[in-house]
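Subject: Structure handover

Hello,

Here is the structure I promised to pass on. Please open it alongside this email. My notes follow below.

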Amino acid sequence: MNQLEVLRESLGQCDEIILDALLMRNRIVEDIMAYKEANDLPILQPEQEAKQREWLAKRMEGRRHTNEVSAVFDEITRNSKRIQARKLFDYNIVLIGFMGAGKSTISDFLKTVFAMDIVEMDQIIVEREGMSISDIFETYGEEYFRDLETKLLIEMQSRTNVVISCGGGVPMRERNVVEMKKNGRVVLLTAKPETILERVKDNHDRPLLEGNKTVPYIAELMEKRREKYEAAADIVIETDGKSELVICEELVQSLRALDAEEK
């Protein structure tokens, strides 16, 4: 056996060690999830990821290949998050609510803590149509835009374990609600009109609010939609005065409780 063959054999032994360690690590991730569920502990503990990064930085001080090793650990962490997400949610999470209720913010946070794919309906429609929502309304009318939303929800039937952030008007169509619930749990995020105004006041891509950014107008429009929103929702979460972590932990716990009721 020449030196190259010896080195390749050593590399293969390293791969065996890595493979066994990864399989063991994934089992431990599942065991941690089971322990949290059995003991009613918070699912989201981002401080643990911070501790891992600190540990890795210390271990890699003065060593070669820091960037490469860090990239591997980043991917290991992402996969651990995916394992957690698949264990928790064998369905899509569909976020609904009035514009500015926090749907995009919470979907981004779920992506961070669970490495879940995000479907921003408004963003996808804008990209596909090659124009802003305001321009779609002006050029083709609201009904055309609503049809695009319905078609996109039907597309989502082929996906699972995805966070779908819906535009404010999506739940107003009963057909849309039917499509949401085929493979998803519908989460209604709510906020006070004053909070909504504060969040959207500098945004100019809200055709239904442009020129009407006042608390009374927002409150009136929210009231018109409230019945449809609440009828569509599986759970309701208020977002006023709460951090993303608190909102997402409440979301996870509420979905777990709902799933347990239906088992």
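First, a caution: this is a predicted model. Every value below is computed from it.

**Overall**

The chain has 263 residues, and 38% of them count as buried. Its secondary structure comes to eleven helices and five strands. The C-alpha trace spans about 80 × 45 × 35 Å along its principal axes. Take the contacts between residues at least 6 apart in sequence: 74% of these join residues at least 24 apart.

**The sheet**

Start with the strands. Five of them form an open sheet in the order E2-E3-E1-E4-E5, and the pairing is parallel. Strand E2 (117-120) and E5 stand at the edges. Each has a single partner strand, so one side of each is left without a neighbour in the sheet. On average, neighbouring strands are turned by 25 degrees against each other, direction ignored.

Now the pairings, strand by strand.

- E1 (residues 92-96) and E3 (residues 162-165) run parallel and are joined by three bridges. In this pair, valine 94 stands opposite isoleucine 164 of E3.
- E1 also pairs with E4 in the parallel sense, over five bridges. Here isoleucine 93 has arginine 185 of E4 as its bridge partner.
- E4 pairs with E5 (residues 235-238), again in the parallel sense, over four bridges. Valine 187 stands opposite isoleucine 235 of E5.

How enclosed is strand E4? Six of its seven residues (184-190) are buried, so E4 is largely enclosed by the rest of the structure.

**Two packed helices**

Next, look at H3 and H4. Helix H3 covers residues 66-88 and helix H4 covers residues 103-114. Their axes are 7 Å apart, and they pack at an angle of about 115 degrees. Angles of 65 to 115 degrees count as roughly perpendicular, and H3 and H4 are therefore described that way. On the H3 side, the contact is made by Lys81, Arg82, Gln84, Ala85 and Leu88. On the H4 side, the residues are Thr112, Val113 and Phe114. Together the residues of this contact divide into four nonpolar, two polar and two charged.

**Cysteines**

How many does the structure hold? The number is zero. For cysteine 248, the closest cysteine sulfur is in cysteine 166. The two sulfurs are 16 Å apart, which is too far for a bond, because a disulfide needs sulfur atoms within 2.5 Å. Cysteine 248 is also buried, with a relative accessible area of 0%. Cysteine 14, in contrast, is partly exposed, at 41%.

**Two backbone points**

Most residues other than glycine have a negative phi. Two residues here are worth a look on that account.

Aspartate 40 has a positive phi of about 55 degrees, although it is not a glycine. It is found in the loop between helix H1 (3-38) and helix H2 (46-59). Aspartate 40 counts as exposed, at 59% relative accessibility.

Histidine 65 has a positive phi too, near 60 degrees, and it is likewise not a glycine. It lies in the loop between H2 and H3. Is histidine 65 buried, exposed or partly exposed? It is partly exposed, with a relative accessible area of 45%.

**Valine 215**

One last residue. Valine 215 belongs to helix H10 (residues 215-232). It is partly exposed, with a relative accessible area of 26%. Which residues does valine 215 touch, leaving aside neighbours within four places in sequence? The contacts are Pro193, Glu194 and Leu197. Lysine 192 is 23 residues from valine 215 in sequence. In space, the C-alpha atoms of lysine 192 and valine 215 are 9.2 Å apart.

That is what I found. Over to you.

Best wishes

Definitions and conventions: Residues numbered from 1 in each chain as written. Predicted model: local features only at pLDDT ≥ 70, side-chain atom pairs only at ≥ 80, totals over all residues. Heavy atoms only, no water. Buried < 20%, exposed > 50% of the residue type's maximum accessible area, 1.4 Å probe, protein only. Pairing = 2+ DSSP bridges. Axes fitted to C-alpha atoms, helices over the stretch in contact; angles between N-to-C directions. Parallel < 35°, antiparallel > 145°, perpendicular 65-115°, else oblique. Contact = heavy atoms within 4.5 Å. Nonpolar A, V, L, I, M, F, W, Y, C, P; charged D, E, K, R; others polar.
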